[in-house]
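This briefing concerns the aromatic side chains of one protein model. Please view the sequence and the structure first.

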Amino acid sequence: MHLILYRPESLIISVVSLTHDERESWRHAFYHGPAFPTMSKILLGNIALKWLRQIRSSARKEIYDSFFVRGPPTEVIQALVPALSQNEGSKEDHNIFCLNIERILVLCLIENKGVCQIVEEFTFSNKQDDGILNPEKSTFISRVAQLLASIPDKATMGAASALTSSSFFKSVVSQLLVRAEEAAIESSADKDGNEQGVLSPVFLFVGQVLSRISRRGSTGVLVAELITMIRNHLQRCVASDRKTIIPDMVKHVSQSRFWFNVVEALRDQHSIERLTEEMLRQLASQHISDEEAYWILWTLFNQSIMHMTVMRAMFIDKFLLWKTFPLCCLRWILHYAVFEFPPNSVMETQIQKTSNFLVTLQTLVSIWSKKEFVQSYSVEQQAYITAAIGLCLENMSKRELEMTKDVLNCILQGVTCKLESPIDLVRKMASAVALTFSKIVDPKNPLYLDDDCSENVDWEFGVLSPKRIKAPSHDVELGSKSKPCSRENRRNAGEKKAKAIRHDISDNRVKIVEIKSLDSDEMSGAATNFEEHCDEESMDIDASSDSSLEPYDLSDDDTDLQKNFTHLSDLAAALRKPDDLDGVERALSSAEKLVRASPDELRHNSGDLVQALVHVRCSDAAMEGEEESAEEKRQKALVALLVTNPFESLDVLTKLLYSSSVDISQRILVIDVMTEAAQELAETKIINKQQRYGNLISDTSLSWLVPSDRGPLGASPWREVSEPGSLLSWSHHYEREVPSRSGQVKSGKSRKWGLRKAKDLQVEGSKNKFPLYAAAFMLPVMQGYDKRRHGVDLLNRDFVVLGKLIYMLGVCMKCMAMHPEASALAPALLDMIRSREVSQHAEAYVRRSVLFAASCILIALHPSYVASTLIEGNQDISTGLEWIRTWALQIAEADPDTECTSMAMNCLRLHSEMVLQTSRSLESAEHSKAGTRALSSKLDNIIIPFANMM
């Protein structure tokens, strides 16, 4: 560098050559003093706006751009980044100003590797200061890191793609980690220097930048670069003749100095948690091996977990008890933070379990064993903690289990509690833990509590994604899954069994099932086939060998000669004879057919037969392995009684539901029978309309009343008909016959009135008989459900019965959808499910049932009825429907059960549809009455509930 002096006459006086130290001194004085910021403002402002576009690109690169490129990146960042927030006159000038700054930032930081230069600058400056990191320098480093991380946020919409968050941070992290590794190698090679002091500003800068990137939502980009580099580092640590990694291999590599301290340098615990969680998930998505994942965690966290208690708490408390990860991530967490040895290690079976392992297992099982765990944790979280316990038990021996204090009692308590749950997945968790625990106690006799259990437990449990919506399961199995070996065991198992009923919220229509009966031709055909079969057998016997003529024992043939039951009284008497098991079995087989034959004595004996069927013990009468078949026959017989003689049978069943003489399985049987009977009454035989001669005139009325009987002479009265091709309709249809007039045109032209022939009405439809018996089904069982009696406690101990009861009431509402009876019974059901003990029940099973019942109410109520209640000022229905909306919103936002949240969203959807139909009914009523009289003044003050959901 030369210093040239001129006279005004442009004559050179002298030339002075500067030494290297003098040149660096002048350079430092210019760039680190006030001269560079002042010159930068001039170049970025006036020069860039007025003159830069007129300069050729080559000249701009050599003169203008080099001024910033040759400067220290720390000063360039401090001069350029704050300028992006300035306003420069017009919008066009501001865009030119910002684009020029962004171009220089890309040139300095990305193309010219400015981040690497920053690391070099901090390393060199600290060497000159004897490794002392004073507060002033720490503040400066933090400011540079803050400005560097804020560049993507301050970039304009038209900025280069290199300044987007993903691209910019990827380049920054890559430069930062690569140069920091090199700095670690250089400091380790310098034996005279203070390694810790030299690297302290580097670690501070790295930690500041990484934490700020994580805070700005780019943790995924950061982790992707971090995983790539740490995997390359571990590959360098493994010797060519070795396949596995040991700690000494990693420690002897010079770059490891940096990786051991990088997490500790972050200092921001929130950023560390986000980085660790994202790293675990990305490693799982890359299907990395368990051993490699373990050593990645060991390299990054081993030093910090020894020095910082909060790091161990993050792995053990948050990542095991509060977070949910894939199963492979759970294995990595357990091996690193709990077992403290790598997976598939040779010394795995020989290593003594640490106190940390026993304490962690004790904490897990103590939480898992509580009843509140099933109630307040989501199913995914329950499966995650259950898998953690199972993986811990698989790495324990019997001696180590005996050393623990309360693990045995907690496991037994937790298994018992979860086997009582009506949710099938929860019971599978209990079975898996019980199987693993039994292998520790007695490996030769594993305990299988579930038929689906295998020797190798799948700890994933097939947990569904939260985004998938599935109908809630009402599987209830209260008994043991093991096969009974004696009649006493079969009887006890039969008492505790209950069949499964599933909620189907996806299908809001009542299913139509055709109940077919055999006609005389079918009966005669069956008899002919049976006779031909007997003739063929007799011919085979005659043609057989002489051995067929030998005498045989006829002692067992008396069963074939016994008469079938022909009277219901005999049937009931046979069911009450526990000593005659064959008679009980024959009575169960004949009960349904005899009841559906509807004999004259049915009305008088139905109540007695209902009691006999409820109290009979099917497990005693049935052969081993056929208990479910006997239970099915009993249930079908009870359904037949309710369908053929509803009132008398319901009077007995509703009293037995809350009776102290029945157990929980019998209460569930009563509810299941009532549910199936309600559906069958609503799904009765398919009927065909008979052909009528003459013209019919039809009317579609918006009113609940039958149209007026006024009309021409000879017209028949109005009668309600079903809409062709549809089972449920938003309106009611009536028709009647009218006499023909001379000269009448046969094809109707009016939109509202039309003439059509009777043969056009010959369509199939169903006759719903359930609304007639709906009150008898619902009202008695809704009384006294909240009372605690001897052996009856629906709100607490018997919550399964309460859930199935509410489900049955919802099915009843759905079976009478669009009928006036639904409007009459809906307020009573709303009062029941609105009670705090029911709607806020601790068990998710009950809350699912309440959501199902609320959805059925929305399906069943006719919109015109809701509109009429609003016009009349009746607050019962409007208040109840508003409660459904607010409560469903609360469940959707805060309920821990995933299925409850999905059902709540479905309930809100049905609610919005109800609002839409109700508003249309109100508009139609207002339009139809506008020409005659004004609507009631109450309508002006009525606000349609939950209208904001539309």
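There are 28 aromatic pairs in this predicted model. Rings of Phe, Tyr and Trp (its six-membered ring) count as a pair if their centres lie within 6.5 Å, and the pair is stacked with planes under 30 degrees apart, edge-to-face over 60 and tilted for the rest.

**Pairs of Phe-30**
- Phe-30 and Phe-36 pair edge-to-face, with 6.5 Å from centre to centre and 75 degrees between the planes.
- Phe-30 also forms an edge-to-face pair with Phe-67, at 5.9 Å centre to centre and 80 degrees between the planes.
- The latter pair links distant parts of the chain, 37 residues apart: Phe-30 belongs to helix α1 (residues 20–31) and Phe-67 to helix α3 (residues 57–69).
- Helices (H or I, at least four residues) are DSSP runs, numbered from the N terminus, as are strands (E, at least two).

**Accessibility**
- Phe-36 is buried at 0% relative accessible area, and Phe-67 is buried at 14%.
- Phe-30 is partly exposed, at 25% relative accessibility.
- Buried means under 20% relative accessible area, exposed over 50%, and partly exposed in between (1.4 Å probe, protein chains only).

**Cluster and charge**
- One aromatic cluster includes Phe-260, Tyr-294, Trp-295 and Trp-298.
- The charged end of Lys-418 sits over the ring of Trp-368, 4.2 Å from its centre; this requires NZ of Lys or CZ of Arg within 6 Å of the ring centre and within 35 degrees of the ring normal.

**Basis**
- Residues are numbered from 1 along each chain as its sequence is written, and side-chain values use heavy atoms, leaving out hydrogens and water.
- Local features need pLDDT of at least 70, side-chain atom pairs count only at pLDDT 80 or more, and totals for chains, interfaces and linings use all residues.
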